[in-house]
Amino acid sequence: MIESQHRLAFLDNALSRQQQSQRWRSLTPVKPVDAVHIQKGDRTLISFSANDYLGLSKHPQLIAAAQIYAERYGTSATASRLVAGTYDIHNHLEEAIATAVGKEAALIFNSGFQANVSIISTLVDRQSLVLCDRLVHNSLVQGILLSRARLKRYRHNDLEHLESLLKSAVDDGSYNRILVVSETVFSMDGDRSDVDGLIQLAQQYQTLLYIDDAHALGVLGTGGMGLAAHKPGIDLVVGTFGKAFGSFGAFVACSAKMRDYLVNFCPGLIYTTALPPSIIGTILTALELMPTLDAERTHLHRCADRLRAHLHSLGYDTAGSQSQIVPLMVGPDTAALAMAQQLEEQGIGAIAIRPPTVPSGTARIRLALSSSHTEAHLDHLCRSIERTSESTSDAITSQIQKI
Ligand SMILES: *Cc1c(COP(=O)(O)O)cnc(C)c1O
């Protein structure tokens with residue numbers, strides 16, 4: 001009895017530390033209503049939390065494709081790609097993605113997380129060096145840790161810092177490979193990296209270059225194909241289908257030889273069941289729609305401009321946001337949580353993002369816009385933020401008066 005308590009004591013210890021530091025996470029159920037509304041308890045909220053940037057997750061053509069592909073191919077791919085899971089539609093999707101991104105080849109993965117973890121750890125080993133932006137997504141960091149390569153992080157978007165690390169690594173001369181890792185649009189700040197600058201450094205220092213385009217795909221670049229498309233200097237471009245594509249899964253676009261290497265050596269491809277046909281159908285449909293959605297993208301970017309201008313007029317910092325992701329910087333964790341709660345009471349679904357997802361002291365409300373948001377939805381959001389910040393400053397004023 002005593003022994004069993006001891007065996008599981010680490011759960012209580014970790015969970016109570018988490019609770020004490022106000023970092024408790026829980027899974028709150030919501031029901032999707034339409035492309036922008038969710039139901040939470042007895043409240044209907046306009047959601048500004050989803051990554052469904054083009055509202056495609058509720059698009060009738062994607063829903064129909066899921067049904068048709070399931071009827072034609074069944075509900076499962078039934079095995080790994082290498083066993084019996086590569087259907088003609090998997091190859092067809094890979095060819096279409098490679099063309100759209102301007103690479104020789106592409107390979108589908110079951111999620112962006114899985115792609116990043118398993119590709120990076122297949123590319124580099126304990127004799128390698130990985131240089132990554134300080135703010136890259138956790139899945140990229142996990143991949144680097146799993147690889148056992150030496151990891152150095154350069155200051156966010158600071159290519160001079162990256163170059164100084166590259167210089168000393170080359171002088172050092174002891175690494176078998178150097179891999180540079182960045183995103184195009186950063187998931188929690190909504191700012192962008194200098195992709196051409198990264199390519200130039202990678203070429204100058206003869207490194208591999210790995211770019212995660214998850215938040216630009218569907219939203220930025222020609223035909224919505226992202227900020228890493230048609231750039232030969234990038235060795236591997238990763239994109240995810242769970243965001244603007246309104247579906248699920250991910251791809252890496254690369255050379256045909258790199259694809260062969262991954263098919264032979266990447267465990268995250270080899271030892272997992274292939275994506276099901278219904279998902280492949282929705283991705284193919286989203287890919288077909290992509291070039292036709294310029295008006296939606298223009299509307300989305302206008303909404304983001306308007307939201308940033310409004311937040312600035314209220315005195316809020318939006319970090320370096322230059323995309324549909326607009327962080328409302330708050331600072332302390334508890335203040336961000338309180339603000340999210342107040343917004344929810346006004347019918348706004350907006351999530352407080354806290355450490356360790358973001359650096360300590362930079363808790364924020366992450367506002368993610370969708371082209372399905374109307375001007376009226378945005379008005380509602382702006383008014384709610386205004387009221388929230390008024391009530392917060394009233395509370396501070398009355399606190400001061402009490403003192
Ligand atoms: C969301 C995200 C991922 C993970 O993709 P999933 O398909 O959701 O697993 C990877 N990289 C970045 C930058 C992301 O924002």
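How many bridges join E3 to strand E12, and in which sense do the two strands run? In this predicted model, 2 bridges join E3 to strand E12 (residues 348–349), and the two strands run parallel. One pair can be picked out by residue. Ser-47 has Gly-349 of E12 as its bridge partner.

Strand E3 also pairs with strand E2. Strand E2 covers residues 37–40 and strand E3 covers residues 43–47. The pairing of E2 with E3 is antiparallel and extends over 4 bridges. Within this pairing, Ile-38 stands opposite Leu-45 in E3. The two strands form a hairpin with 2 residues between them. In that hairpin, Gly-41 takes a positive phi near 60 degrees.

A separate description is needed for the sheet that contains E11. Here 3 strands form an open sheet, in the order E11-E14-E13, and the pairing is antiparallel. Strand E11 (325–331) and strand E13 (351–353) stand at the edges. Each of these edge strands has a single partner strand, so one side of each is left without a neighbour in the sheet. From one strand to the next, the twist averages 35 degrees. Strand E14 spans residues 363–368 and is joined to E11 by 6 bridges. These two strands run antiparallel. Across the pair, Val-326 stands opposite Leu-367 in E14.

Helices pack on this sheet. Helix H13 (residues 294–313) touches E11 and E14. The direction of H13 makes about 20 degrees with that of E11. Helix H14 (residues 333–345) also packs on the sheet, touching E11, E13 and E14. The direction of H14 makes about 35 degrees with that of E14.

Helix-to-helix packing was examined for H6 and H10. Helix H6 consists of residues 112–123, and helix H10 of residues 256–265. Their axes lie 11 Å apart and the packing angle is about 100 degrees. Angles of 65 to 115 degrees count as roughly perpendicular, and H6 and H10 are therefore roughly perpendicular to each other. On the H6 side, the contact is made by Ile-119, Thr-122 and Leu-123. On the H10 side, Met-258, Tyr-261, Leu-262 and Phe-265 take part. By class, this contact has 6 nonpolar residues, 1 polar residue and no charged residues.

H6 gives the largest share of the lining, 3 residues. Sorted by class, the lining of the second largest pocket has 4 nonpolar, 11 polar and 4 charged residues.

Rolling a probe the size of a water molecule over the atoms shows where empty space is left. The structure holds 1 cavity of 30 Å³ or more. About 60 Å³ of space lies in the largest cavity. Its lining includes Arg-81, His-90, Asn-110, Thr-272, Ala-274 and Leu-275. Ile-108, Phe-109, Gly-268 and Leu-269 also belong to this lining. Strand E4 (105–109) and helix H11 (267–270) each supply at least two residues of the lining. The lining residues of the largest cavity divide into 5 nonpolar, 4 polar and 1 charged.

Technical notes. Residues are numbered from 1 along each chain as its sequence is written. This is a predicted model: local features need pLDDT of at least 70, side-chain atom pairs count only at pLDDT 80 or more; totals for chains, interfaces and linings use all residues. Side-chain values use heavy atoms; hydrogens and water are left out. Two strands pair if DSSP finds at least two bridges between them. Axes are lines fitted to C-alpha atoms, for helices over the stretch in contact, and angles run from 0 to 180 degrees between N-to-C directions. Contact means heavy atoms within 4.5 Å. On a 1 Å grid over the protein atoms alone, a cavity is a set of points where a 1.4 Å probe fits but cannot get out, and a pocket is an open set with protein on both sides within 12 Å along at least five of seven lines; lining residues have an atom within 4 Å of a point. Grid points are joined across faces, edges and corners, and a volume is the space filled by probe spheres set on the points. Ala, Val, Leu, Ile, Met, Phe, Trp, Tyr, Cys and Pro count as nonpolar, Asp, Glu, Lys and Arg as charged, and the others, Gly among them, as polar. Angles under 35 degrees count as roughly parallel, over 145 as roughly antiparallel, 65 to 115 as roughly perpendicular and the rest as oblique.
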